[in-house]
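Let's take a walk through a protein model, one piece at a time. Have the picture open and follow along.

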Amino acid sequence: MIVELRHVYKDYVQGKMVVPVLRDINFGIEEGEYVAIMGPSGSGKSTLMNIIGCLDQATSGELLIDGRDVSKCTDNEMADVRLHKIGFIFQNFQLLPRETALENVALPLSYAGVPVKERRERAAEALERVGLGDRVKFTPTQLSGGQKQRVAIARAMINKPKILLADEPTGALDQASGRAVMELFRSLNEEGISILMITHDANIARHADRIVEIWDGELRYPDGEEPTFSGAASSQEEKKTDGGTSEVFSGETTDIPDEMMSELEKELKEGVVDAMQEVRDE
């Protein structure tokens, strides 16, 4: 299994209260699978994506990426997993505005210590692969939305990751550009790339081979039964916080406020781009 989550919980603290966002998530993706997680705003889908992408840590539970328990990794080890195992695609592209398409795609290779000549060659090949071989010197301001997303896809694939994580990849695109991106995803998957796509759009989710739904922080499996994992920790019925002074909500999940979630997600996603920018500036 490329990705495996065992009894994963995620809480955010607001004052003396603990707000549960994910509850007892058990989920796996096989090598070469194309999976969509679909849910409404505030359901916890982007939080789940951030945890799988090692951009955030679960409050409790286990996360295995390509057989490695990253929930026990140090920050440096998690950064290494992000660099070599995972490719990220975000709704708003997260491209560096003053850099060319070639330079944006080459950034992860810079972070990996690849020599300049080799990374430029590989970046040019990646752009050719997504149909932008004639746009290598264009900056993001000179590209359409669909072209920006294809640059982002080329950047995500440049280190040959085990899995591609796409968070609302067509959310900022028109219909035609969205279809082109979905066709590219299908082509990549047919080449053996595992894809996990987060979306609220049922039409986009149907491009995947398997759909999992998330509601109020809990997964639902419309196409089959919830998976079980041998050796996994038992489900947590009660959770305690340090000092015992915080309240844990019971019954219905209370979503974290949208404005707080948006800010957290923004900080997490920008961290990936900021890290690459720091390497480039050195």
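Keep in mind as you look that this is a predicted model. Start at alanine 79, which sits in helix 2, the stretch covering residues 75-85. Is alanine 79 buried or exposed? Its relative accessible area is 13%, and because buried means under 20%, alanine 79 counts as buried. Now look for cysteine 54: it is 25 residues away from alanine 79 in sequence, yet in space the two are 7.8 Å apart, going from C-alpha to C-alpha.

Next, hop over to strand 7, made of residues 163-167. How many of its residues are buried? Five of five, so this strand is mostly covered, given that buried means under 20% relative accessible area. You can check each face for yourself: Ile163, Leu165 and Asp167 are buried on one side, and Leu164 and Ala166 are buried on the other.

So what does strand 7 pair with? One partner is strand 6 (residues 86-89), which runs parallel to strand 7 and is joined to it by four bridges. Find phenylalanine 88 and you'll see it stands opposite leucine 165 of strand 7. Another partner is strand 8 (residues 194-199), again parallel, this time with five bridges to strand 7. Here, alanine 166 has methionine 197 in strand 8 as its bridge partner.

Finally, trace the chain from strand 7 through helix 6 (residues 175-190) to strand 8. Together, these three pieces make a right-handed β-α-β unit.

Conventions:
Residues numbered from 1 in each chain as written. Predicted model: local features only at pLDDT ≥ 70, side-chain atom pairs only at ≥ 80, totals over all residues. Heavy atoms only, no water. Helix = DSSP H or I, 4+ residues; strand = E, 2+ residues; numbered from the N terminus. Buried < 20%, exposed > 50% of the residue type's maximum accessible area, 1.4 Å probe, protein only. Pairing = 2+ DSSP bridges. Right-handed = clockwise from strand over helix to strand, strands pointing away.
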